[in-house]
Amino acid sequence: EEKAKEIQLESAIFSLVEVVTEPNSSPWARFDSFESLWERAIPQRRIVLQFLSPTAFRSKGRNMLFPQPELVFGSYLSKWNAYSPISFDDSIRSQVFPHLTTIRYKLQSHILDFNTHKEVGFEGMCAYEIKHNISEETLRQINALADFAFYAGTGAKTTMGMGQTRRISASNIRIREQEGL
């Protein structure tokens, strides 16, 4: 058995056990282009997100500990428009986000210890629904943003490991409903 290699990033020392580079060889090794996210976006009115690491939004020096739809999807929209060659109209913030409703959630707060400071965030699942009548293209944009969450992360300090998020697929929604979400 080969001994794990150690690497140091700042003051943290990690044991490198395995490097995964092939897409689909791990649930955490995936690749998508913005174009493929857009092409595959299905206009669903119900979106379920799983927040896998402590997630928070910063406001006035404090952490906001609830995934309000406008904060969640606003985070994705800002990153999408900053990096994607396919631009989404920023007006969906005011015209669509107010109609995104939180319909269920199962969340817990967690503390992430960075040695020099601690950050509080939420983890768990949240289901959103769009009941308002919007165009199919706009509905696809919202769904593309939800799929983009895996790559973008959610909220503050994503480069430090916070806000790891994934969309729960439609096939898993029924299972999650049985679990109480």
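Predicted model: local features only at pLDDT ≥ 70, side-chain atom pairs only at ≥ 80, totals over all residues.

Me: What makes up the protein, in helices and strands?
Reply: The protein has five helices and eight strands. Along the sequence they run β-β-α-β-β-β-α-α-β-β-α-β-α.

Me: How do you know that the radius of gyration agrees with a compact globule?
Reply: Set the two values side by side. A compact globule of 181 residues would have a radius of gyration near 16 Å, and the protein has 17 Å, so the value agrees. The C-alpha atoms fill a box of roughly 55 × 40 × 40 Å along the principal axes. Of the 181 residues, 37% count as buried.

Me: How many of the contacts between residues at least 6 apart join residues at least 24 apart in sequence?
Reply: The share is 73%.

Me: How do you know what span to expect of helix H2?
Reply: Helix H2 covers residues 69–83, which is 15 residues. The rule is 1.5 Å times one less than the number of residues. That gives the expected 21 Å, and the helix reaches 21 Å from its first C-alpha to its last.

Me: Which residues of H2 are buried?
Reply: They are Pro-69, Val-72, Phe-73, Gly-74, Ser-75, Tyr-76, Leu-77 and Trp-80.

Me: Why is Phe-73 called buried?
Reply: Buried means under 20% relative accessible area. Phe-73 has 0%, so Phe-73 is buried.

Me: What makes Phe-73 and Phe-97 an aromatic pair, and why is the pair called tilted?
Reply: A search of the whole structure finds 12 aromatic pairs. Phe-73 and Phe-97 form one with 6.4 Å from centre to centre. The cut-off for a pair is 6.5 Å, so the distance qualifies. The planes are 50° apart. Stacked needs under 30 degrees and edge-to-face over 60, so this pair is tilted.

Me: What does that pair tie together?
Reply: Phe-73 lies in helix H2, and Phe-97 in the loop between helix H3 (92–95) and strand E6 (100–113). The pair therefore ties together parts that are 24 residues apart in sequence. Phe-97 is buried too, at 2% relative accessible area.

Me: Which residues form an aromatic cluster with Trp-80?
Reply: Phe-34, Trp-38, Phe-88 and Phe-148 form one cluster with Trp-80.

Me: How do you know that Arg-140 lies over the face of Trp-38?
Reply: Arg-140 is at 4.0 Å from the ring centre of Trp-38.

Me: Why is Ser-53 called buried?
Reply: Ser-53 is in strand E3 (residues 46–55). Its relative accessibility is 7%. The limit is under 20%, so Ser-53 counts as buried.

Me: What does Ser-53 reach?
Reply: Its side chain reaches the backbone nitrogen of Gly-163 at 3.2 Å. Leaving aside neighbours within four places in sequence, Ser-53 has contacts that include Phe-122, Glu-123 and Met-162.

Conventions: Residues numbered from 1 in each chain as written. Heavy atoms only, no water. Helix = DSSP H or I, 4+ residues; strand = E, 2+ residues; numbered from the N terminus. Buried < 20%, exposed > 50% of the residue type's maximum accessible area, 1.4 Å probe, protein only. Phe/Tyr/Trp six-rings, centres within 6.5 Å; stacked < 30°, edge-to-face > 60°. Lys NZ or Arg CZ within 6 Å of the ring centre and 35° of its normal. Polar contact = N/O pair within 3.5 Å; in protein donor to acceptor, adjacent residues only side chain to side chain. Contact = heavy atoms within 4.5 Å. Rg over C-alpha atoms; globule rule 2.2 N^0.38 Å.
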